[in-house]
Amino acid sequence: MTAAAEAVEGVYNNAAAPAVREPFSVKWFDYEPSAGISLPGGFARTDFSNRGENADSRTDNFIITDLGLQMQWGALGVSVVTDFLSYSFRGQDTSLGLQLGRIHACAAYAFLDHQLLLGAGVRGAYAIIRSDAPNATNPADRSSALVGMLGAGPEAGFIVKPNEYRWRIGATVRAAVDAGAVSLGNVLQIPQPDGSGVRTAGNLILPERITLPWEVEGGIAYQLGPRPLNPKWINPHEQGRELAASIAERRAERAAARAAELALTSDATPAERSERARRASELMREEVAARAAEDAELRDEERALLVARRARYENWPRPYLLLLASVLMTGPSAQAVALEGLLDQRRELVGTVVTASPRIAAESEVIPNLLRLRAGLYFEPSRFKDGSTRQHLTFGGDLKLFAWDLFGLVPDVTWRLKTFVDISPRYENFGVGLGAWH
C-alpha cells in the first residue's frame, strides 16, 4: 500500500519507500534482498486482463518471477526491483509467447527527522513477442523472437510519517511508459501509402509499441495496538557524535600542549635541539597509545549503543493491527489494443478512459515473532469497453524461518517465507518468496 510502503517491495507502491527506516533498522547502513515467484491462473485458464464474462481464456502458462534489493545509508535509500511475466496465447492458426518485464529503480531521502520522505526514479518496461510455431529450418525450435520493445518513464512519491503518531499518508505518480519496437526475428516491413511501414510476421501485423499508462496512487495507514507505527529513528552517527566530539577535543588539547612544550627559540643550542627531538619522539609514542585507547573506547561505545538500539526494538510489544486504504488511478492509453486483439488481428481499443481502483487491507502478527498474516480487498476496473469491475480477495502471510548468511553474501539476515493468494472471478493467483524477517 502507498502509505506503508516498507521493505524492498514497497517501491512498487511508492517511489519514496527506499527512505523508510523502520524500527528494526538499527545500523547506519542497512540492506535487504528479496525474491519470489507466482503463478497466475496456475489451477486453470484465466481471464488475466479482465476481458469480461465472454472472455475465451486462450491465455495460459503464466509465471511471474521477481527480484529486488534495497540499500540504505542514513537518510538516503536506493531500491531496485524487477519482475518478469511470461505467458502464451493460442489461436486457431497462431500461437504466441509474451515476455513482459518491469523495473523500478528509485532513490529517496528522509527530511525533517525522517518525518517527510521524498523519492524519485524510473519505471522501465520491456516486452518480447515470440512465435511458438515450429521453425521451418529447426522444428525443435518453437520460440523465435519476432519483436522487442523497450522504454522508461519517471516516477516520484512522498510519505509523511510523524514521529510517535499512529498514522502515515503517502502518494506516488508514475508517468506513462511508451516502449518502441525493435525487430528481432523473421519480420517483414511492408511499405504503406503514407510512407510508414507495418511490421508483419507470417499473417500477423505486429505492434509498433507497448504502453504503460500513467498512474497516480494515494493512501493512508493507521495502526492499532501497543506496537508503535512511527517511532523516532535513531541515527547511529548522531547518537555517537557526543563521544566523538569529546575525543576530538582531547586530541586538539594534546596537540596544543605538545606544540607549546616543543617550541624552541631561534638561539637554541644543539643540546636543546637534541633534547627537543627526543621529547618529540616520546610524546608521539604517547599520542599513538592515547589514540589507540580512544579508538577502542569509541568502538566499545558504538557496540554498546548498537546493543541498546536493538534492545529498544526487541522490547517493544509485538501485537498490532495495521489498517490500510488507497486508491489507484490509471490513465487512458490512446489507440491502444489489447494483446487479445493482436492475436485475433482486430482493432479493439482498450483503456480509453481514466479508471479508479479502491483498495483496503489489514495486517497483524498473530503469533509473536513467528507468523504475520494479512488480508485485503480491491476492485479491478476493466480496461475493455464492455467489461465490468471485478473484486479481488487477497490474503497471505510471512513465516519466520532461520538465520543464514547465504554463503557469506548477506550476513545478519533472518529469512522469512512470503506467501499470497489472490482470488477473483475468472482469475486466481498464488505465489511464494523469500525476504528478511523483522
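What percentage of the 438 residues in the protein chain is buried? In this predicted model, buried residues account for 41% of the chain. The secondary structure comprises four helices and 19 strands. Among contacts with a separation of 6 or more, 67% link residues 24 or more positions apart. The accessible surface of the protein chain amounts to about 22,500 Å², and carbon and sulfur atoms contribute 61% of that area.

On this surface, a nonpolar patch is formed by Val366, Ile367, Leu370, Leu373, Leu399, Leu401, Phe402, Trp404, Phe407 and Leu434, which together present about 900 Å² of accessible area. Two elements, strand S15 (355–367) and strand S17 (390–403), each supply two or more residues to the patch. The largest share is that of S17, with three residues. Trp404, one of the patch residues, lies in the loop that joins S17 to strand S18 (414–424). The relative accessibility of Trp404 is 36%, so this residue is classed as partly exposed, a category that spans the range between the buried limit of 20% and the exposed limit of 50%.

The second largest pocket has a volume of about 740 Å³. Its lining consists of 30 residues, of which Phe24, Val26, Asp412, Trp437 and His438 are the closest to the centre of the pocket. Strand S1 (29–38), strand S2 (59–73) and helix H3 (270–314) are the elements that each provide two or more lining residues. The greatest contribution to this lining is made by S1, which gives five residues.

Terms used: Residues numbered from 1 in each chain as written. Predicted model: local features only at pLDDT ≥ 70, side-chain atom pairs only at ≥ 80, totals over all residues. Heavy atoms only, no water. Buried < 20%, exposed > 50% of the residue type's maximum accessible area, 1.4 Å probe, protein only. Contact = heavy atoms within 4.5 Å. Areas by Shrake-Rupley, 256 points an atom, 1.4 Å probe, with all protein chains shown as cover. Patch = residues over 30% accessible without salt bridge, like charges linked within 9 Å, V, L, I, M, F, W, Y side chains within 5 Å. Salt bridge = Lys/Arg side-chain N within 4 Å of Asp/Glu carboxyl O. 1 Å grid on protein atoms, 1.4 Å probe; cavity = no way out; pocket = protein on both sides within 12 Å on 5 of 7 lines; lining within 4 Å. Points joined across faces, edges and corners; volume = space filled by probe spheres on them.
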